[in-house]
Each structure stands twice: as C-alpha cells, then as structure tokens.
Amino acid sequence: MTSATILRVAIDAPVMQLFDYLAPARGEVQPGQRVLVPFRQARRIGVVLALADRSGVAPGKLRRTLAVLDPEPLLDAHLLELLGWAAGYYQHPPGEVFAAALPRLLRHGRESATGAVVWQATPAGRAALLAGEAARAPAQARCLAALVDAGRPLDAGALAVLAPRWPVAMRALERRGWAERSRHDEWNAVGGSPDEPPTLTGPQAQAVAALTDGDGYRACLLQGVTGSGKTEVYLRGIARELAAGRQSLVLVPEIGLTPQLVARFRRRFPAAGIALLHSGLTDVQRLESWVRARDGRADIVIGTRSAVFVPLPRPGLIVVDEEHDGSLKQQEGFRYSARDLAVWRARQLAIPVVLGSATPSLESLANVDAGRYRRLLLPERAGSARRPAIHLVDLRRHVAQDGLAPPLVDAIGRHLAAGGQVLIYLNRRGYAPTLLCPACGECLECRRCDARLVLHRREARVTCHHCGATRAAPEHCPACGGALVAVGQGTERLEAALDELFPDVARVRIDRDTTRARGELERLLATVASGEARILLGTQMLTKGHDFPLVTLVGIIDADQGLFGTDFRASEKLAQTFVQVCGRAGRGERPGEVYLQTHFPDHPLLQLLVREGYERFAEAALAERRAAGWPPYSYLALLRAEAATREPALAFLTRAREAGEALGAHGVRLLGPAPAPMARRAGHHRAQLLVETSTRPRLQRFLADWRARLDALPEAGRTRWSLDVDPAELF
Ligand code: ADP
Ligand code: ZN
C-alpha cells in the first residue's frame, strides 16, 4: 500500500482505545476532520486523529468510513496534540476527551461552517398570532407561535422539529413581515469610542511589563485582593495582543462570568470581536462562539472551564481569573483542570499565561517557590480601602440564638444605624441541617445517602442535598412518634431570625433556593447595589464575582465548618473563602469590620489567618503539607468505585491494588481501599483507593501501566469506576 488508507478515529465511548477504519474510497482525509463511521450496530461521529498504512485489525474486518463531515480539519494540530496529551495525562478515554472539547452540535454532526442563522418574530408577527391571522396555514402558525413563545431567536434545529416543511413556512412568514432572520452574533464589535484606561499604578505597570515585554511562554501568578486592579492588568495585556492582531483567551470560574465583566471588556474594546462560552448559552450560541473563535473572528474569548479547548488560530495570551477556584476543575467524567491545561497550552503555543487571584492555590504558590511561575504582587488599593478590623466571637462564651451571638447582633445594629450595609455569610442553605427527635435521639436521614435530610421550612419539605431526594417534612419522629426539633441553622432560618431582630430593615437572601428563576440573581444583586437592601445574607454565591461597596460589616456565622474538614484541602478552602468574603466588605470609603463566630478561637490556623493574613497562612499551610507529604509536595490519583452493594466496589479496588503492587512500581504508595467519606450516596456504595507518588513522571508511568490492567480485571465490569488524576477533593 502506498498512501495512508487507515484512519485512526476517536469515538465518544468509554474505552481507552482508538478505532481503525478504511478511508473513504475517494477524497483526502486529514487529522482533525470529523467522520461518520459504522460503530457496533449504529453510526457514530468521530474525529480523525491520525492516518496509518496498516492496522492491527484483520483486513477483512476493517469497516469503511461512511463520510467525511468537514471540508477542512475542525481541530488544528496544536489542539489535537493538547487533547491527546490530556487523554494520556488524565488517563481518560480519548473519544470522551475529544467530545468534551467540541460544542454539542458539532458532536452531533452539525456543519461547522454555520453562521448560525436564526429567526425571530417581529412585533407584527406577534400581533398577527394574537389576532389568529396565521391560523389558516398550520405550519406557519406553529413556527410563528414557537418564535413568539420562545421570546428569543430560534435556529433551524428548533424549527425543524415543528414542521417538516419549515423552510417554506419560514420563507412565507418572512414575506409577510412576521418573522425576520439574522445571524446570531450578539457580541460582535459594536463600535464607538473605548473607555479611557486609568493610569497604571507602579505595581500594575510592573505586572503589565512582565506580561507583555518580549515574546514566548511565561507563567505569571498575579496576586492581589479583589479591587487591587488585576482585571486592569488583564485588559492591558489583551490590548497589546489586539494591537498585534492576536487572540486572547480569558478563563473565569462558573459564577465569575457576569454581565458586568463582559460589559467592561466591551467598553474597553468596542471594536473587538468578543465570544462568550459558558453553560448559560443555547447550543446554537455555543457553536457560534466556538466557530467565531476558530475562524479568528473573535479577538477575545471569555469562557468557563471548557473554553480552554477552544481553537485559536492566532493565539496571543491566556488569562485564568480566580485560579484557585474549584469550578476550574471538572468534577465528573473527564476530570481535567482547566487551569493546569491552560498553562500547558500556553507553553505549547509559546505565549504568556497569567493566573490571577487574591488567594492563590497552594499549588500555584509552590510553583512560584520552585521558580516555575513568576509572582506579580498588587498591594491593596491605596487610599480608601483599609484592611477591615477582625473580631473573633467565642461561641463557648456567647450563646448564639438561631445562629447569631450577641456581639454580632450588636454589631449589626450599630452598622445599620450608621447607614452601612451588612453581609452575613453561611454556607448552608435551607432552614436547618438536622431534624432531631429529642425523645429517642433519631435524626431524619436520607434513605439513599449517608446524610441527614435538610429541613426547608417554607416549602415544608425535607431534602437531601446530595441526591436531591425530597419529601414532605414529617412532624413526628418516624421511630417513636415524638415531636421533631430543627437543630442547627441554614440561611432560611437565619433569615427568619434577622427579620425578627430587624423587622424594618430591607433584606435579601442569596442562595441556590432564592435564585432558581432566571434573572432573579441579577434582580437581588441590583437591590444590593442600589443600597435598597440593607442586610445581605447568603452562601458561597456571595463570595464570588460581586462587589458590594456599601457593605461595612461582614458576619461569618460558622467558621468551624472548614477547620476540621476531612479533606487535606479543607483549611485552604476555609482561608480562601474567609479572605474572599472579607474582600467583599469595606471596599467603599468606610472602614469595614468582620465578625467571625467560632468554637475554636485559639485554633492556630484561624489565629494566623486573622492576625497575619493569607500570605502567612499559606506559608504555614505549605510547610504543613510538605511535612505530611501532601500535594503540592506529592502527586495523587484517586480510583473511585461505586456499586449497588458494598462488595463489588471493594472487590474491584482490592484487585486493583493487587494489580498495582504486581507492577512493582517503586515510590508509588497505594492507600486503601477504604469507604469514601460519604460511603453511600444516591443508593450507591462508594469506596476509593489513593495512589501517591513523589514525582509527576513516576505517577504518570504507573498510571499508564495500571490503567490498562484495570480495564482487564473481571471485577471492572461489575462496578462503576473512575480515575481522578490530581483530585481536587478526596471524596
Ligand atoms: P480586580 O480585578 O483585582 O478586582 P479591577 O481591575 O477590577 O480589580 O479594579 C478595581 C477598580 O479599580 C475598578 O473600578 C478599576 O476600574 C479601578 N482601577 C483599576 N486600576 C486602576 C488604576 N490604575 N487607577 C485607577 N483606577 C483603577
Ligand atoms: Zn440522598
């Protein structure tokens, strides 16, 4: 055989291998193109990763590619390399890795050259529908009604399910002036004159210079509290890339991609093409953003986690904002770290990458120590904002009523009287985390998880926050019939207590329960920004992305949640949350105060954090990690298994351990199997086995050999298992 006749294809299936197919009889195929192939009894779409002359599959058994879907490669050589590397590094099936990198519509075979044409109803169309004027042409009526109902543009896919002859119907609606078509290009250049950039402070100028002087790869850790001017540094870096005709990729945590952030980019760069990639988009919008990035029409791509895989034909700069944030790590399926891949990608493309945070991860700080990242420090904003005064409230001395101890209640009253806003943080939603029967000691538990049911009093329901199971809240103990008591607090209970203490003060609660409806979060935040709401109460949602310049007091209801967590990262997370919550306060002209309630005011970690700040905390925490041999001074992988009963999960892990030991890998420690910290969840028994090594290459070599053996274990088929490399959480 002279030319390559075999295609090596990645197919979205949970297997580690690639699949070989005969090339189509005619035409040329290149790596990075999608193909339609027969797969088992069906047809599947895959991505060609390589061409070959021969295959391990017997010639008679090789099946032929049915069609090539892209005229040009969809993914360039750099992306193919990145994804191939990621599949190897994370020991994940390559087909699933490629699937994760593509917008859903492309995975399903949609043409990639779309300018994504969409249609929407005109005001005349809306009137016509109401007046029943379209009723005589059923296909038209159906399409028009769908457009009016949707209240947003619909694409061909959405219309095609309504009527087989929808193109005819839509043409008729357009002729009658009832519908109009456009290309979905929401964030294309708007023009106008850009915002005047501020004069950089000295440290900002140094940071910008470190990012923009010279060419080639470099990784910078930009450390500065919220409001210290990190985003301004990003904007300057992006400005340079724009001027040079290159693209910038900005990765943000899930909750960080706010309309305010986008508007700020928009105002600074009105002539630039900006593409957004996040989970709030429709499939068509995602495809459109992706295609605009790939075609080079988007100069700036702002997106969450998976945007790290977006094609960039002329890459210039990668920004990872809030690099410590947990949502940058995918927690199921293909468990990658977008931050780590962003750094890998920057090196591959020989471009700078900047990781920004007020509270850098210990991993990134260790990379600074090791000389791999350059640290750029932005001191707190000069002038107005000062460090808030922090008070520890000893809950052993002050008895809390509904979660609020008297010193905090007094402080709230004081700040309200002085015209300030108050922020109360409690990372637990619902009314109470436990329903207890004092007579027999019974607690209401989820039937499918090792977890207590949380009382949601307004809805009169008890709900499991792990599996979502929910039922009407019982009044009496199912065991002895005694009356049940709600123990502990959630945001709903705190809200009731605050309403009672401060009945005339406007208040908002922000957690997942109060922000379910679309636009509700924005509405609540607007009442905070306007100063209308005076007490602001909520969960983790409050600690990210938003600024509350009028807040002068922050109350942290329960600092102990993080002090004794089972995870080795618990204290790091507590410190980050603490600094982030405090950073929301006192950003305006008035000095801020923080009240932190705890049963352990003498805890060394808390003391360090409160007295000396994140920096010193991080040093101590790193020293502790080094002494204990935890990351970043060791490298971990976690093999998780779950099954309907305990036995198959443990059996698999035990065999997995034996297989690992048989490999005789030196310097690899296997710990377990042990039940997961929550041993039963959603009816599944869960257990895990931890792999620990002192170097990354050693871990990689071990995992590559081990993974192949795991697939071959007879027990592997009786349990659901997954391998998590560099796990963010050990459960
Ligand atoms: P961060 O991203 O660290 O939260 P920002 O870049 O958003 O900080 O800056 C906080 C505020 O300070 C913004 O309103 C920004 O416009 C302003 N700002 C940033 N840098 C400067 C500067 N050098 N001079 C004046 N104002 C600045
Ligand atoms: Zn449950």
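1. Gly 202 belongs to helix H8, which spans residues 202-212; helices (H or I, at least four residues) and strands (E, at least two) are DSSP runs, numbered from the N terminus. Gly 202 counts as partly exposed because its relative accessibility is 45%, where buried means under 20% relative accessible area, exposed over 50%, and partly exposed in between (1.4 Å probe, protein chains only). Its C-alpha lies 9.1 Å from that of Leu 378, although 176 residues separate Gly 202 and Leu 378 in sequence.

2. On the basis of these remarks: this is a predicted model, in which local features need pLDDT of at least 70 and side-chain atom pairs count only at pLDDT 80 or more, while totals for chains, interfaces and linings use all residues. Residues are numbered from 1 along each chain as its sequence is written, chains are lettered from A and ligands numbered from 1 in the order in which they are written, and side-chain values use heavy atoms, with hydrogens and water left out.

3. Strand E14 (residues 352-357) is mostly covered, with six of its six residues buried. Pro 352, Val 354 and Gly 356 point one way from E14, and Val 353, Leu 355 and Ser 357 point the other way.

4. E14 has parallel partners, pairing being defined as at least two bridges found by DSSP between two strands. With strand E9 (residues 218-224) there are six bridges in the parallel sense, and Arg 218 has Pro 352 of E14 as its bridge partner. With strand E13 (residues 315-321) there are four bridges, also parallel; here Asp 321 stands opposite Gly 356.

5. E13, helix H12 (residues 338-349) and E14 form a right-handed β-α-β unit. Right-handed means that, with the strands pointing away from the viewer, the path from the first strand over the helix to the second runs clockwise.

6. In helix H10 (residues 259-268), the buried residues are Leu 261, Val 262, Phe 265, Arg 266 and Arg 268. Their cover includes helix H9 (230-243) and the strands E10 (247-251), E11 (274-277) and E12 (300-303), counted by contact, that is, heavy atoms within 4.5 Å.

7. Ligand 1 is surrounded by 14 residues, the closest being Thr 199, Gln 204, Gly 227, Thr 231 and Arg 264; a residue qualifies if one of its heavy atoms lies within 4 Å. H9 gives the most to this shell, with three residues.

8. Which backbone atom lies 2.7 Å from a nitrogen atom of ligand 1? A backbone N or O atom of Thr 199 does. A polar backbone atom of Gly 229 is 3.0 Å from an oxygen atom of the ligand. Taken alone, ligand 1 exposes 560 Å², of which the protein buries 68% (Shrake-Rupley method, 1.4 Å probe).

Definitions and conventions: Polar contact = N/O pair within 3.5 Å; in protein donor to acceptor, adjacent residues only side chain to side chain.
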